[in-house]
Amino acid sequence: MTTVNGTHTFNSLPLPMACFHTKRMCILLLGLLLIPTTLTSAFNFQPTSQSNKKATTLPKLDPQNPERYIPPSTYSSTKLYPPTDTLVRAGPLPFLIRLVQSDKYEQAVLKYMYDSKTSDLKNAQGNMDWFFKAPDVWVEQKMLEQQGKREVYDYGKDPEPLRLVLSLVWASCIAGLGGRVAWQLIHGNRNLF
């Protein structure tokens, strides 16, 4: 930051323009992060429910370790939807668990498939994303579904486009506000806004 003729500038731009430029870059980067997610889910031609397939597509218990599950022969970790989808669908906590503890995440998905007797990988993955996000809420939802008091929720469905847009707008507002506060604190200003 320099001062030219009494005007503060940053990289030869007046300070308000530099902040505007930075905010635009943040919004652009967030948008670019979501493009692969929407394209991969937009061109997914697989049926949403594959539960009517044979039981051979279900995971099996590992005979050496009963707490682990052996994936079916049709399973591949590349068939899981990308981590960015986990971030968009369920937030940062399941996303971090998926990145840091990927074996725990995959075993949870396989355990859900085994317990619920479903071969729908996308639904199982969505259920585990929501379980890692808020276990108490997820368990309550499943319990009420079994009692018939609540409609069965499909955790594997793609998020609505409006929700994606609103999430992007909300994230850009929070990122802009956080950037502004950080900028003020770095430069020693007590007035954060």
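Predicted model: local features only at pLDDT ≥ 70, side-chain atom pairs only at ≥ 80, totals over all residues.
**Helix packing and burial, term by term**

Me: Which residues of helix α2 (residues 83-90) are buried, and what makes a residue buried?
Reply: In α2 they are Asp85, Thr86, Val88, Arg89 and Ala90. Buried means under 20% relative accessible area, exposed means over 50%, and partly exposed lies in between (1.4 Å probe, protein chains only). Residues are numbered from 1 along each chain as its sequence is written, and side-chain values use heavy atoms, with hydrogens and water left out.

Me: How many helices and strands does the protein have, and what counts as one?
Reply: There are seven helices and five strands, in the order β-β-β-α-β-β-α-α-α-α-α-α from the N terminus. Helices (H or I, at least four residues) and strands (E, at least two) are DSSP runs, numbered from the N terminus. Buried residues make up 27% of the 193 residues.

Me: Why is Gln141 called buried?
Reply: Gln141, in helix α6, has a relative accessible area of 9%, so it counts as buried. Leaving aside neighbours within four places in sequence, Gln141 is in contact (heavy atoms within 4.5 Å) with Arg150, Glu151, Tyr153 and Tyr155.

Me: And what makes Lys104 partly exposed?
Reply: Its relative accessibility is 44%, and therefore Lys104 is classed as partly exposed. Lys104 lies in helix α4.

Me: Why is α5 called oblique to α6?
Reply: Helix α5 (residues 121-133) and helix α6 (residues 135-147) pack at about 130°, with their axes 5 Å apart. That angle is why α5 is oblique to α6: under 35 degrees is roughly parallel, over 145 roughly antiparallel, 65 to 115 roughly perpendicular, and the rest oblique. The axes are lines fitted to C-alpha atoms, for helices over the stretch in contact, and angles run from 0 to 180 degrees between N-to-C directions. On the α5 side the contact uses Asn127, Met128, Trp130, Phe131 and Lys133, and on the α6 side Pro135, Trp138 and Lys142.

Me: How do you know the class make-up of the contact of α5 with α6?
Reply: It has five nonpolar, one polar and two charged residues. Ala, Val, Leu, Ile, Met, Phe, Trp, Tyr, Cys and Pro count as nonpolar, Asp, Glu, Lys and Arg as charged, and the others, Gly among them, as polar.

Me: What makes α4 oblique to α5?
Reply: Helix α4 (residues 102-116) packs on α5 at about 120°, with the axes 9 Å apart. That angle is why α4 counts as oblique to α5. From α4, Lys104, Tyr105, Ala108, Val109, Tyr112 and Met113 meet Leu121, Ala124, Gln125, Asn127, Met128, Asp129 and Phe132 of α5. By class, this contact has nine nonpolar, two polar and two charged residues.

Me: Which residues of the largest nonpolar core touch the most other members?
Reply: They are Val109, Met113, Leu121, Met128 and Phe132, out of 16 residues. Such a core is a set of buried Ala, Val, Leu, Ile, Met, Phe, Trp, Tyr and Cys residues joined through side-chain atoms within 4.5 Å. α4 gives the most to this core, with six residues.
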